[in-house]
Every structure is written in structure tokens, then in C-alpha cells.
Amino acid sequence: MPSEISWPELILSTGWMAKLDRLAHSRFGQQGLAEEASTYVIHRLSEDNWARCRTFSGQSRAETFAQVLAVNLLEEFARKRFGRPRPPTWLQREGELWVRLWKMVCLERQLVPSVIDRLCADKQREPSFIQRTITVIKARLPWCGDSAREIPAACLVVDNSDEPHPEQVDLSTEQSLDKAQWEDALLVIHQLLLSAQNPSMQGMKSESSKNSDLIMQPDTALQLQQRLDLNDEERLLLKMVYQDGLKLNVVAQAMNLPAYQPGRLLNRLHQRIGTALEACGISLEDLFRDHKGGAIHE
Amino acid sequence: MNKSSREQAAAARLALHASRGQPPRGPEPSEEELAQLLDDRLEFSRKQEIYSHLNANPELYRQWLLLAESHAERQAQSGTTENHGKNPFHWLRWFGASSALAGLAAVLVIAPWRDTPPSISVQHDIAREQKAQLEKRQARESQRKESRVKEPQVEQLPQTAGTQVILSQDLRDALKGMADTLVPAETTYRTKLESLASTTAQNSGFYAFGVSLGQLQNACAGDGKIEKQLRSELQTQAEGLNWPSGPLSLTMARMGMEQDLCALAEELREEIFGIEAPGK
């Protein structure tokens, strides 16, 4: 029962503190900064006689609840230390992993090998997937990770408030894109095609190729959306696998699915997506071929 | 990334973009609900609502990813061997599965499922599967409780003890085939298999199936690539064998219908490690 939980006993236990240290290290990489962040979390949790913890109603495991609070407070610490990040729109469009890497490598200047190690811990992702993404970010943002260059002011909103900056509220790709921007989706494909041959080129031609023959009409977009009819679980699955590069076993654990289920769902989804694309007259095979001026060489 | 994977990735990204902008459903999840989601303690409908928020709110999604990765890391660190001893009644579900096995055999023989995608929606499939899992879990719980009352001595078994079962000769032949095929590096697995397997190699279909299973295991432990020929051989063999009821049967028979064979091989390994040879 929630009333019986001794929060100081739980939070200050060796096991939970070790877990917090792992979370902080996973988030910040550097030992000193991670320790500072852990101390901040403990301080905030214990405030006002553990008031945050006492909002617990017993619906979940107390340890998991404390972990959720800790992750929120680690982000709060990062905001206070580094300011509130304002990622470029093109980066947000690529997915959450890109924003996360941008924060870690460009803003917080964490070392690339250490970032790759942590994001690929327990074989959660392929290191090459992370490396490729960092290469593209650095190619587009030459100041990224370069200690001799200043971080552009436009990338950060420095404040100590917990409230989001007004300019940031609408930063979500999901919320802000409208149908007229459908062409961006095709540009993503365009970038994927380019990256297949030359990874460092990924994302380099977004602006210049807006008038290319890859641009699709909004009507087609709507038609495809209707034919796909993806539910929320399916969208989340696709995001985790294709935008965040998570392996299927990690996805299964995160979504509490049997180990074999994500693979099976993905197979069916690919069948559906293929059928929908075909019905809308979109042939990825043609795009690949046309864009390379010939067949793709493996 | 090969051509097919690239096309799949491109198609998936395109599908994601096409489906963007859908508003979230239900109230925004509280911190405790996120914890419930990680602990798998939410009802199906609320879970879907929270998924809609995760899709619509990048900040929330990032937070959840951090939590989920740390959750997965914790599970990985707790190790699979720990889980083997947790449920000494794991095999009991097979007693309830004999009728399902008969149904499965019928499906394997009759349904041309490979050529025709299932008409049922994925969402319904998930709901049905989750319901089935919940029922299985509840059944196992109640069986465990009953056994505790009837057989208090079971409680005295050490946590790491496996479950003693009698395997049919057919399945022991399959295990022998596996043991004979595994690469030398798989010492622990091979020893475990040999402790359960028949002592002499048989020229049976089950032995041959075991050889294919061993090849599958080797492929999964290596680069994870499964040759098309091996996949098709496993399917043909799984369909052609007359499966006895009991532990391991259903998992092995599923080799004929699952796509993610490495995940299934992993399930089989876990199940095998949960079994103890009689008389030990």
C-alpha cells in the first residue's frame, strides 16, 4: 500500500541509488556530471518530506514510479545546466533519436564513442546506425562537438523556468506539419536513397531538392494515409524501429510484447504498407532506380 | 543494409509521415501511468491512448524511450538464467495446450496461410493475444497456488531447480539432433541438451528436425542470417512431423509458422533450460 512505503528507505537504498547512477551516467556520460545530476534528483525527490513521491497511489510498482520521477528530474537538471534546447526543424523531422543525439553531442559535447557505447548498450541498437546519424548531424552543423566553436544562440533558450518557452510549444513535427508539407516526407526517402550510397550525404540536399520530381501531391498523401490506417501501437512500433533504430527484442520489452511479436507485426505492416503504396501508385523500387540512374548495386 | 531493408525502411518512414498529425486520445498520462505502462499494468484501451500521446508528444516519447531502454537494460542484466528458476511450473501450461496443439496441427495442414495475409487486424490480434496471455498467466498462478497447497514439498525446491518431466522418445531424438549439430562454442547448451536427449542417434524425422534446429541456433548465435533453404526445411519438417503433446512440442511445431525464428529459438532454449531430466 502506498501509505506503507518508506520513500527514504527505498530511494536511499543501495540498489535504487545504483540504478539512479546508471540512469544518470546513461544520460550524461561524464562521471562528474552524472554524480551532480544524481545528487540533484535526490535533493528534489526529498523536498517537502518526499512530497513528489507521496503522489504515488499504488497502481504501479513503487520502484518504477520513482524511476519515472528520476528521469523527469534528470531532464530538469539538464535544462537548468544547458538551457532548453531548440533543435532545428529538419532534425526533429528525422525523429527523436536525432534530437537526442544532437543534444548529447552538439549541446552537451559528450564524446561520440561514449555516446555510441551507451546508446548501444546490451545490443539495443547497431553502432553503425548511431555513427551514421552523428556523421550526418555533424556534416550539417559544423560547430557540433567542436569545443573551439560557440553553440549558436538560436539552439538554446537559456532560462531556469520549468515552463516551456512559447517558441518551443509548437516544435513537434507531428503537430506542426500540414498536408502542404507532404513533400518533406518524400525528401526523407530522398535522403535515405542518398545515404544508401554515401552516408555522409544524408540530409544534405533537403532544401535544394524541393522542386525535384520526387514531390508528391497532397491528395496522394491523404489517399495513402487513408489506405494505411495505422493504429497508435503500429505507429509507435515503426517509430521505435525505423526512427530510433531499436532492436526488436528491446521493442518487445519496452512494449511488453512476447519476443517474437514485433517481428511478426512488422512483417504484416510491411505487407500493408506495400499494398497501400502500390494502390497509390508509389513504387519505391522505381524511386531507388531512377534516383541512382540505374540499378542499385549491393 | 541491403536493398530490401532499405526499401522497407523507406516505406516505413513514408508511412509514418503519411500518418502524422493524428491527435492524441484520452487524458495525458500521469507519471504513475507511465510507470504502469512499463510494469504492464494498464488495460488495453488505456495503453492504446497512451501510445497515441507518445506518438504526438516528442518530449514524452523521449522520456519514455529513456525509461524503456533502462527497463530493458535492467531485464537484460537480471539475466535469463534467473528467470529459468523463477517459475518451476512453467511446463504446466503444456498440459492445457494439448488441444491447442491439435488445432495448430490442423492449421498447419489445412491453412494456406503463407500466401494469404491474415484478414484479422493487427490490433485485434494483439488484443486477443494479450487476453490469452493474461488468461494463461492467471491459470498458471492458480495452478501454482493449488500445487502449493497440495504439494508443500515443491516449495522446498531450490529456486534454480528445473522441472522434472518425461519427454517422449521423438522429442529426445530431436534434442539429440540439436546437440550433435551445435557449434563447439555452445558448450552449456549442448551439455543441457545431452542430459535430456536420447543416447543413440536415430534416423528419425525428429532427429533430422533437431539437426535443422541446431543449424538455426548456430545461425542465430552467429550473424543472425537464416538461409532461405534452412527456413523452408524447418517449415516442411515442422509440418510433416506428428507432434506428441507435452513440453517443447508447441514451440518446436511453431517453427513451421513463425517469421522470427531466432526469437523462437531463444524461447526454445529458455524452455529447455527450464526442464530437468527425470531421476536427477
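At what angle do the axes of α2(A) and helix α4 (residues 62-82) of chain A cross, and within what distance do they come?

1. The α2(A) and α4(A) axes cross at roughly 35° and come within 11 Å. Axes here are lines fitted to C-alpha atoms, for helices over the stretch in contact, with angles running from 0 to 180 degrees between N-to-C directions. Helices are DSSP runs of H or I with at least four residues, strands are E runs of at least two, and both are numbered from the N terminus.

2. Before going on, a caveat: this is a predicted model, where local features need pLDDT of at least 70 and side-chain atom pairs count only at pLDDT 80 or more, while totals for chains, interfaces and linings use all residues. Residues are numbered from 1 along each chain as its sequence is written, and chains are lettered from A and ligands numbered from 1 in the order in which they are written.

3. Still in chain A, A:H25 sits in α2(A), residues 14-28. A:H25 counts as partly exposed because it has 18 C-beta neighbours inside 10 Å; 20 or more would be buried and 12 or fewer exposed, with C-beta atoms placed from the backbone. A:E35 is 10 residues from A:H25 in sequence, and their C-alpha atoms are 8.0 Å apart.

4. Now look between the chains. Helix α12 (residues 232-243) of chain A packs on helix α3 (residues 44-56) of chain B at about 45°, axes 8 Å apart. That angle makes the pair oblique, as it is neither under 35 degrees (roughly parallel), over 145 (roughly antiparallel) nor 65 to 115 (roughly perpendicular). The crossing of α12(A) and α3(B) is left-handed. On the chain A side, A:D232, A:E233, A:R235 and A:L236 make the contact, and they meet B:Q48, B:Y51, B:S52, B:L54 and B:N55; contact means C-beta atoms within 7 Å.

5. Helix α14 (residues 261-279) of chain A checks out on length: at 1.5 Å a residue its 19 residues should span 27 Å, and its end C-alpha atoms are 27 Å apart. The expected span is 1.5 Å times one less than the number of residues. Buried residues in α14(A) include A:L265, A:L269 and A:I273. Just after α14(A), A:G281 has a positive phi of about 75°.

6. As for chain B overall, there are 13 helices and 2 strands, and 35% of its 280 residues count as buried.

Methods: Left-handed = near helix turned anticlockwise from the far one by under 90°. Contact = placed C-beta atoms within 7 Å.
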